[in-house]
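Let's take a friendly walk through a protein fold, moving from its strands to the links between side chains. Have your viewer open and follow along.

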Amino acid sequence: QVQLVESGGGLVQAGDSLRLSCAASGRTFSSYVMGWFRQAPGKEREFVASISWSKGTTYYADSVKGRFTISRDNAKNTVYLQMNSLNPEDTAVYYCAARQLYDSTWRDWGQGTQVTVSS
């Protein structure tokens, strides 16, 4: 069973940076895509970024492109989300998720980590 554990959230000021981590276990992830999603209060969960474990192919939401960077450390089975130039609109619970490469459904989710950006 896939387990995803996020860490690194917190309270920061606008313009600051933060790095989230997602420790993955329970499977061999070479055929997986890992993603970050977020959900702000009163809003639906939205896609932030994804990375394929094997080739490292990345995708980003337009709202974070150029500010956020997703990466992975194969040896540590950990995915990161480096967030720079944070603004209050980035305030949300951030979730790590996993899906198999040829499956469009994100079936495995972490518990989430809160990111709060003050103005």
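Predicted model: local features only at pLDDT ≥ 70, side-chain atom pairs only at ≥ 80, totals over all residues.

Strands of a sheet pair through backbone hydrogen bonds, either parallel or antiparallel. Here, four strands make up an open sheet, and reading across it gives the order β1-β3-β8-β7, with antiparallel pairing. At the edges sit β1 (3-7) and β7 (68-73), each of which pairs on one side only. From one strand to the next, the twist averages 15°. Which residue in β3 is the bridge partner of Gln-3? That partner is Ser-25.

A disulfide is a covalent bond between the sulfur atoms of two cysteines. The count in this model is one disulfide, and it joins Cys-22 to Cys-96 with an S to S distance of 2.0 Å. The link of Cys-22 and Cys-96 is left-handed, with -75° about the S-S bond. Because Cys-22 belongs to strand β3 and Cys-96 to strand β9 (residues 92-100), the pair ties together parts that are 74 residues apart in sequence. Are these cysteines buried or exposed? Cys-22 is buried at a relative accessible area of 0%, and Cys-96 also counts as buried, at 0% relative accessibility.

Next comes the interior. In soluble globular proteins, nonpolar side chains tend to be buried together. In this model the largest nonpolar core has 30 residues, and those with the most contacts inside it are Met-34, Trp-36, Leu-81, Met-83 and Tyr-94. Several strands supply this core: β3, β4 (32-39), β5, β7, β8 (78-83), β9 and β11 (113-118) each give two or more residues to it.

Ser-50 is found in strand β5 (residues 46-52). Ser-50 counts as buried because its relative accessibility is 5%, which is under the 20% cut-off. Leaving aside residues up to four places away in sequence, Ser-50 touches Val-33, Met-34, Gly-35, Thr-57, Thr-58, Tyr-59, Ile-70 and Trp-106.

Finally, turn to the charges. Side chains of opposite charge can pair when their charged atoms come close. How many salt bridges does the model have? The count comes to five. One of them is formed by the side chains of Glu-46 and Arg-38, at 2.6 Å from N to O. Glu-46 is partly exposed at 35% relative accessible area, whereas Arg-38 is buried at 5%.

Another salt bridge brings together the side chains of Asp-90 and Arg-67, at 2.8 Å from N to O. Asp-90 sits in the loop between β8 and β9, and Arg-67 in the loop between β6 (58-60) and β7, so this pair ties together parts that are 23 residues apart in sequence. Both Asp-90 and Arg-67 are buried. Through shared partners, salt bridges join Arg-38, Glu-46, Arg-67 and Asp-90 into one network.

A further salt bridge links Arg-107 with Asp-103, where the closest N and O atoms are 2.5 Å apart. Arg-107 is exposed, with a relative accessible area of 56%.

Note on methods
Residues numbered from 1 in each chain as written. Heavy atoms only, no water. Pairing = 2+ DSSP bridges. Axes fitted to C-alpha atoms, helices over the stretch in contact; angles between N-to-C directions. Buried < 20%, exposed > 50% of the residue type's maximum accessible area, 1.4 Å probe, protein only. Contact = heavy atoms within 4.5 Å. Disulfide = S-S within 2.5 Å. Core = buried A, V, L, I, M, F, W, Y, C linked by side-chain atoms within 4.5 Å. Salt bridge = Lys/Arg side-chain N within 4 Å of Asp/Glu carboxyl O.
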